[in-house]
Amino acid sequence: MGTVTRLGRLPDTTPDAPQGGLPELLSRTARGDTEAFTGLYDALSPIIHGVVLRVVRDPAQSEEVTQEVLIEVWKQASRFDCSRGTVRGWVLTMAHRRAVDRVRSAQASTDREERVVASEHVRPYDSVSEEVETRLEAEQVRRALDELTDLQREAVGLAYYGGYTHRQVSELLGVPLGTVKTRLRDGLIRLRDALGVTA
Amino acid sequence: MTIRPDQPTEMHSMIGAYALDALDDLERQSFERHLTGCRDCSAELVEFSETATRLAIPHAVAPPAGLRERVLSEVARTRQLPPLAQESTSRDRRSGLPGQRWLAAAASVLLVAAVAAGALAVQWREDAQAARDAQVQAVQLLTDPDRQELTTEFSGGRGTIVVAGDEAFVVGDDVPAPPQGQGYQLWVFDADGDPHSRGMMTQTADGRYVGLMRDLSGGQAIGITLEPEGGSPDPTTEPVLAEDLPELTA
């Protein structure tokens, strides 16, 4: 393992602190600082890769999409608008969208059916440091998910982790589209409140 | 009862799906248009988006060790996007600019239909994902409420340029086919008058020539020249079309 710079509290679990961490790395990256970008890579690549892998499933394609996302972070570093959210949120939104786009353009229907049945298998985070904070936050998210109704959790899971459109979710579950929309929105409300996410 | 997708209640109800990336492309665009006019949804979305991203946290998995080097070496040869231009305090672009010929959104409705139907022959034939992205981007550009359009002469035919954000979609109707082995190359000229290539135009199934130009920030004008099919680093012929750009909004 090469030398890797670990900086303080990463990733940001609270609105970006002005004194450093991801926002600092990103603004340095925007000025072309490749060392800062390396710091972003080290801090963010596991969660990017994790969500991509969860949605895309295929390891080779997941690596490709992860790489694409990281290159986009590099390219668009100057475009991040800190008034619109956290660095981590920005990156994960990008990652999830790309993963979903990849899955939808692939259109392999047998693959997708397998994914519906796949279990909630959470693979351990491989790296050693920063693990405690991530594990704590992971636990917090799992507990928050418990506060959803089974139906809400199922719909949210199919949409977010399965990469399905709400119409596809409605077809998969055999319920009206309006019902799915409501479950997704209500599920997000419960998650938001359980996690204490505020604008 | 037919539910039109732009009825307000129908729109609001899509916010959860939108935050989870569970809308298809057209629904996503409709909802994004809705967002520009709905403060409630915009505010709720900020929280929902952040909440949705938390769903990724329990699934962190370190990528394979080789990825780091691959990413870092690709970064070394990848240009970054420049920051967005500062808000212009000078001209209101709606009121008589040098581009008085640049009109607020008008005639691109037919173009939207053509592009959405797949008539856009893309410059990215080898890459289906990029082709889809380009098509979606073209439709977004052509339906942007702040877009500006210009119609001009193009080799005896009609050139239409639609600008939104820092991108432009260029269409040539009834323009002559380039001579064998040549193509129409797109250029953006910066403040120093230096040209920067923005790719070659391609021909659609219905005989038009089209091109999607990205990253026009800082550009003062665009032009089209006839070049060898693979493109030239710099223009080698006189432009067949040259127009000043309006004030870009991004």
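Buried means under 20% relative accessible area, exposed over 50%, and partly exposed in between (1.4 Å probe, protein chains only). Keep that scale in mind for the stops below.

This is a predicted model, where local features need pLDDT of at least 70, side-chain atom pairs count only at pLDDT 80 or more, and totals for chains, interfaces and linings use all residues. Residues are numbered from 1 along each chain as its sequence is written, chains are lettered from A and ligands numbered from 1 in the order in which they are written, and side-chain values use heavy atoms, with hydrogens and water left out.

**Stop 1: the interface**

Select chain A and chain B. Their contact (heavy atoms within 4.5 Å) takes in 74 residues of chain A and 52 residues of chain B. The buried area, meaning the accessible area (1.4 Å probe) that two parts lose on being put together, summed over both, is about 5900 Å². Carbon and sulfur atoms give 60% of this area. Now pick A:Y41, A:R79 and A:L188. These three supply 12% of the area that chain A buries against chain B, more than any other three residues.

**Stop 2: bridges between the chains**

A salt bridge here is a side-chain nitrogen of Lys or Arg within 4 Å of a carboxyl oxygen of Asp or Glu. The interface of chain A and chain B has nine of them.

Select A:D42 and B:R68. Their side chains form a salt bridge at 2.9 Å, N to O. A:D42 sits in helix α2 of chain A, and B:R68 in helix α5 (residues 66-76) of chain B. Helices (H or I, at least four residues) are DSSP runs, numbered from the N terminus. A:D42 is buried at 11% relative accessibility, while B:R68 is partly exposed at 21%.

Next, B:R70 and A:E63. This salt bridge spans 2.3 Å, N to O. B:R70 is in helix α5 of chain B and A:E63 in helix α3 of chain A, so the pair joins two chains. B:R70 is partly exposed, at 37%. A:E63 is partly exposed too, at 21%.

A:R97 lies in helix α4 of chain A, and B:D21 in the loop between α2 (15-19) and α3 (25-37) of chain B. Which of the two is buried? B:D21 is, with 8% relative accessible area. A:R97 is partly exposed, at 28%.

**Stop 3: a network in chain A**

Finish with A:E64, A:E68, A:R98 and A:R102. Salt bridges link these residues in a network.
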